[in-house]
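Biologist: Could we go through this protein together? I would like to begin with what counts as a contact.
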Amino acid sequence: MPDFVAPKGVPDYYPPVSRTFDAIRRTLLTAADRAGYGPIELPVFEDTGLFARGVGESTDVVSKEMYTFADRGGRSVTLRPEGTAGVMRAVIEHSLDRGPLPVKLVYAGPFFRYERPQAGRYRQLQQVGIEAIGSDDPALDAEVIAVADEGFRAVGLSGFRLDLTSLGDATCRLAYRERLVAFLDGLDLDEATRERATINPLRVLDDKRPHMQQLLADAPLMIDHLCDACREHFEQVRSVLDALAVPYELNPRMVRGLDYYTRTTFEFVHPLLGAQSGMGGGGRYDGLMAELGGQSLSGIGFGIGVDRTLLAAQAEGLTVGNPARCEIYGVPMGPVAALRLATLAGELRRAGYRVDMAYGGRALKTAMRAADASGAALALVLGERELEQGTVVVRDLRSGEQSARPMAELVAAVGSLLAGVVDPR
C-alpha cells in the first residue's frame, strides 16, 4: 500500500484513459467555440456568500455539499460547486454586460461537492459549461441546448435522451406554488419531507422514493400552469429545436438541483449510466444577475459532466480521440545515433508530428517493444550504417514493412508515410 492515495471520491485520469478524457473535453469545447462562445477562466474558490445567494440556501448543494473553510484572513471561502454563479459574478465585476449582448462564455475545469462517492458521482467533478447572458430570445435557449447535443454527438454518443420542460417565471410559479403547497398539505409526509416542502415545495417533486412517487402521482405540474408569456416562450423554444432536428422528450416532472432556474430547463440522460444517468443539463436563470447585484438581465446555460460523458462513451464501446501516445517512435543504436535522432525528432515535432523515442541505450528488441506499446504508426531506426549512409530505416508498425530513407528528405516524406501512401521509388 503506498504512503499516499488520492482523496476519496477524486478520480485520477492517466494514459490511456486520460487521452480519451482530454479528447472528450476538447470536443465539447469545440462545439461551444463554433457557436461563438469565448473562453473564461474562473477562480477555483469564491466568497461563500456568492453561492449561498446565487445557488440558493435551501438547495442540497449549499446546505450539505459545499467545501467551505476560513482562509488565513478569516474570510469564508468555498471551492466552487458549480460555474454559473462565478460567471455571473465575473460578468458584473468586469462590466461585460455593458458591451454587446448576449455575452457568450464557455469554461471548463474541476468543481467540488461533498457527496457520497459512487460511479459517476465524484467529490471533484470535471465540467464544461456555457453561459449566454443578456437576451431572453427563445432561439438562444435552443442554441444552448443544441450546442450540448452537438457536443455529445461529436463525441460519438447516440444512446442519450434530452428531457425538456419549463419551470415558468416568478409570476406564474408563485400561483403554481400555492396549488402545490395545498396539494402537499393533504399528504401524509414524514417530518424531513414536510420541512423540505416548507422551504421549497418544488424540491419534493424530485423525491425518487417509490412510495413518494405514488403519493405525488396526481400532483399539479408547473408546465400545466404556465402564464401566457411563458407558454409562448416554451412553444418557440420547441419550434426552434424541431427546426434544428434536436430530438427531445417532454418531462414535466423534472426538477433541477439549483434554485435559480426559470422557464426553459433541460437535462441530458444516458440510460446505460444507471442511477447516475444525468450527463449534464441546465436552463434559464432570469433573476440571477439582479440577485447578485447586477442588472436585471436574463441568461441561460448548461454544465456538462466530462466524467459522466466519458463513462457514457465507455458504456457505448466508443473510441474517442487517438489513444496513441505518438505517431513516430525513434530507436537509436548508440550515443551518436541518439544525438542525431533527437535532432530529427525536434524537426518532426516542429513540423507538427507527435514524436517519442527510446532513451537509456535500450537494446533493439526492447526498444521496438516500446515502439509498439506507444501506439506509433512508424518507427525510425538509426544505427552506425545508417549514419554513414545518411539514411534512416523507417518501419511501418502497422504492416511490418521497412525501408531506408534519406534522412534529409524524411520530414517532407513523413506525411505520406503516415497516410500509408506507397512511394513510387
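Modeller: A contact means heavy atoms within 4.5 Å. By that rule, and not counting residues up to four places away in sequence, threonine 48 touches Met66, Thr68, Ser76, Val77 and Thr78. Please keep in mind that this is a predicted model.

Biologist: Where is threonine 48 placed?
Modeller: Threonine 48 belongs to helix H2, which covers residues 48–54.

Biologist: Is threonine 48 buried or exposed?
Modeller: Threonine 48 has a relative accessible area of 14%. Buried means under 20%, so threonine 48 with its 14% is counted as buried.

Biologist: Which backbone atom lies 3.3 Å from a polar atom of its side chain, that of threonine 48?
Modeller: That atom is the backbone nitrogen of valine 77. Val77 is also one of the residues that threonine 48 touches.

Biologist: Let us change topic. What is the mean pLDDT of the protein?
Modeller: The mean pLDDT is 90, and 98% of the residues reach 70 or more. Over residues 421–425, however, pLDDT stays under 50, and the model has 4 contacts for them beyond four places in sequence.

Biologist: Now the aromatic residues. How many aromatic pairs are there in the whole structure?
Modeller: A search of the whole structure finds 7 aromatic pairs. In the pair of phenylalanine 266 and phenylalanine 268, the ring centres are 6.2 Å apart and the planes stand at 80°, so this pair is edge-to-face.

Biologist: Why is 80° called edge-to-face?
Modeller: Planes over 60 degrees apart count as edge-to-face, and the planes of phenylalanine 266 and phenylalanine 268 are at 80°, so the name applies. Both phenylalanine 266 and phenylalanine 268 are buried.

Biologist: Which charged residues sit over rings?
Modeller: The charged end of arginine 80 sits over the ring of phenylalanine 111, 4.4 Å from its centre. Arginine 123 lies over the face of tyrosine 114, at 4.0 Å from the ring centre.

Biologist: And the largest nonpolar core: which residues touch the most other members?
Modeller: They are Tyr37 and Phe268, in a core of 60 residues. Helix H5, residues 138–155, gives the most to this core, with 9 residues. A second, separate core has 28 residues, including Val62, Met88, Phe111 and Tyr261.

Biologist: What does tyrosine 37 touch?
Modeller: Not counting residues up to four places away in sequence, tyrosine 37 touches several residues, among them Leu105, Ile130, Leu140, Val144 and Val147. Lys104, Glu131 and Glu143 are also among its contacts.

Key:
Residues numbered from 1 in each chain as written. Heavy atoms only, no water. pLDDT = per-residue confidence, 0-100. Phe/Tyr/Trp six-rings, centres within 6.5 Å; stacked < 30°, edge-to-face > 60°. Buried < 20%, exposed > 50% of the residue type's maximum accessible area, 1.4 Å probe, protein only. Lys NZ or Arg CZ within 6 Å of the ring centre and 35° of its normal. Core = buried A, V, L, I, M, F, W, Y, C linked by side-chain atoms within 4.5 Å. Helix = DSSP H or I, 4+ residues; strand = E, 2+ residues; numbered from the N terminus. Polar contact = N/O pair within 3.5 Å; in protein donor to acceptor, adjacent residues only side chain to side chain.
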